[in-house]
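Thanks, everyone. I have one structure to walk through today. Please bring it up on your screens.

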Amino acid sequence: MPDLIDGRKIAASHLAKTAEHIGELRRRGITPGLAVVLIGEDPASLAYVRSKDKTCRELGMHSRKVELPTSTTQEDVLRLITELNADPAIHGILVQSPPPAHIDEQAVVRTIDPRKDVDGFHPVNVAALAMDDPDALAPCTPLGCIELLKASGIPVSGAHVVVVGRSLIVGKPLALLLLRKGTDATVTVTHSRTRDLASVTRSADIVVAAIGRPKFLGAEHVRDGAVVIDVGINRVDDPSAPRGYRLVGDVDFDAVAPRCRAITPVPGGVGPMTIAMLMHNTVLACRRLTATP
Ligand code: NDP
């Protein structure tokens, strides 16, 4: 059987390091602060927001959780962001995606001060990442994928990585991070129009699935000895589960795992890393904003 890449364990060690950095900052009288804004009542988003708030508090950070009704107007959201931009107790701001349909998400992201954009979605940070600027705040899920590979001792330099999915949140920024000098992967990005996806993914040393379709990648998509990182989090109905659903990835784990050298589980793989990287980015933003080394 393959090595199971334990995202919870790797995330815990990152969080422990972040907690040390927070301790150092607090001894200097600075408490890193994160504001998480949720618009609407989407249950999955609510769960993510609460978990981010809880992790913040456990680490000794200042957390401001703002839950707004679905009826909130675009103007109200932009006003709130402007207030948070000016608030010296807040070093990181994120607006949980996706907002309700009447909210222009891009306009919201553009209003966030790029220095507080801990999700790394502001055009300034997207450009900085594309330009290999070390000061870029990079998106948390792709950062988490890179850290999982590093912590598991999986060589990335020179490896062929096939990323399935080209979203602004996962696929594209991950491709840029993998391409960076120092990481040095050979990257192929695929999407719904890719011809003969299985033949492309089978040529990969490492396959990253960020598709949003439960158990989409099967045994035919990976070659023997490949490493598989499953970013997908999909709720599927399961009357036998306590909540009536369970979480599955974009990879058919049971079919794919026997072929792999290493694979991430869902849950317990990329998910915990996303939160760990959010905490990391918030501390980084705090240090820069307060000019604390
Ligand atoms: P998006 O829906 O924004 O993007 C999905 C991508 O998958 C698109 O580029 C799409 O292609 C591609 N795709 C869809 N169908 C196929 C197909 N048949 N063959 C090849 N490619 C296909 O999703 P996200 O990137 O936001 O999220 C992806 C998954 O990751 C979801 O399950 C989400 O829940 C999960 N996620 C998990 C996180 C975590 O913390 N672990 C954080 C963020 C997301 P096209 O562009 O052509 O439409």
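**A surface patch and a ligand site**

Let me start at helix 2, residues 43–59, where we find tyrosine 48. Keep in mind that this is a predicted model.

Is tyrosine 48 buried, partly exposed or exposed? Its relative accessibility is 36%. Buried would need under 20%, and exposed would need over 50%. So tyrosine 48 counts as partly exposed.

Together with Ile233 and Leu247, Tyr48 makes a nonpolar surface patch. The area of that patch is about 230 Å².

Now the ligand. How many residues surround it? The count is 21. Closest to the ligand are Arg166, Ser167, Ser192, Val231 and Thr274.

What is the shell made of, by class? Ten residues are polar, eight are nonpolar and three are charged. Which element gives the most to this shell? That is helix 10, residues 270–289, with three residues.

Take serine 192 first. One of its polar side-chain atoms sits 2.5 Å from an oxygen atom of the ligand. Next, threonine 274. Here a polar side-chain atom is 2.7 Å from a ligand oxygen atom. Then arginine 213. An N or O atom in its side chain lies 3.3 Å from a nitrogen atom of the ligand.

How much of the ligand does the protein bury? Taken alone, the ligand exposes 930 Å², and 72% of that is buried by the protein.

That's my tour. Over to you.

Definitions and conventions:
Residues are numbered from 1 along each chain as its sequence is written. This is a predicted model: local features need pLDDT of at least 70, side-chain atom pairs count only at pLDDT 80 or more; totals for chains, interfaces and linings use all residues. Side-chain values use heavy atoms; hydrogens and water are left out. A residue is near a molecule or strand if one of its heavy atoms lies within 4 Å of it. A polar contact is a pair of N or O atoms within 3.5 Å; within protein, one must be able to donate a hydrogen and the other to accept it, and residues adjacent in sequence count only if both atoms are side-chain atoms. Accessible areas come from the Shrake-Rupley method with a 1.4 Å probe; for residues, only the protein chains shown count as cover. Helices (H or I, at least four residues) and strands (E, at least two) are DSSP runs, numbered from the N terminus. Ala, Val, Leu, Ile, Met, Phe, Trp, Tyr, Cys and Pro count as nonpolar, Asp, Glu, Lys and Arg as charged, and the others, Gly among them, as polar. Patches are made of residues with over 30% relative accessible area and no salt bridge: like charges are joined within 9 Å, nonpolar side chains (Val, Leu, Ile, Met, Phe, Trp, Tyr) within 5 Å. A salt bridge is a side-chain nitrogen of Lys or Arg within 4 Å of a carboxyl oxygen of Asp or Glu. Buried means under 20% relative accessible area, exposed over 50%, partly exposed in between (1.4 Å probe, protein chains only).
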